Amino acid sequence: MGRRPAPVDWDARWVRWPDFRLPKDRDDAKDALREAWLRSTTERVEVTCGGGLGRTGTALACIAVLDGVPADQAVKFVREQYHPRAVETPWQRRYVERFTAD
């Protein structure tokens, strides 16, 4: 989200990511997405934003890349599996296409 959300009763990690934009700190975002992907192997992980499409879709597509989906197919994958309008902006699509598992 663009601003820090209210505290929750479970482990949570917030990434500063304004609506319709890209993460303010891309290294922090990549680290958080990698952490979510790794944690998902043994526990439930939630990825969310205010509307659930742009930033959430972008994050899910990046996690899909970490899981082996080719970066140039990740947006299509998320739109088919999650929501047809996920990853809303051209710069979010480019972010996913340039996202690497390295």
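User: How many helices and strands does the chain have?

Analyst: The chain has 4 helices and 0 strands. Both are DSSP runs, numbered from the N terminus: helices are H or I with at least four residues, strands E with at least two. The pattern along the sequence is α-α-α-α. This is a predicted model: local features need pLDDT of at least 70, side-chain atom pairs count only at pLDDT 80 or more, and totals for chains, interfaces and linings use all residues. Residues are numbered from 1 along each chain as its sequence is written, and side-chain values use heavy atoms, with hydrogens and water left out.

User: At what angle do the axes of α2 and α4 cross?

Analyst: Two packed helices are described by the angle between their axes and the distance between the axes. Here α2 (residues 54–66) and α4 (residues 90–98) have axes that come within 9 Å and cross at roughly 15°. That makes α2 roughly parallel to α4; the term covers angles under 35 degrees. Axes are lines fitted to C-alpha atoms, for helices over the stretch in contact, and angles run from 0 to 180 degrees between N-to-C directions.

User: Which residues in α2 and α4 meet?

Analyst: Contact means heavy atoms within 4.5 Å. Gly-54, Arg-55, Thr-58, Ala-61, Cys-62 and Val-65 of α2 meet Gln-92, Tyr-95 and Val-96 of α4.

User: What share of the 102 residues of the chain counts as buried?

Analyst: Buried means under 20% relative accessible area, with a 1.4 Å probe and protein chains only. In this chain, 35% of the 102 residues count as buried. The C-alpha trace spans about 35 × 30 × 25 Å along its principal axes.

Definitions and conventions. Parallel < 35°, antiparallel > 145°, perpendicular 65-115°, else oblique. Buried < 20%, exposed > 50% of the residue type's maximum accessible area, 1.4 Å probe, protein only.
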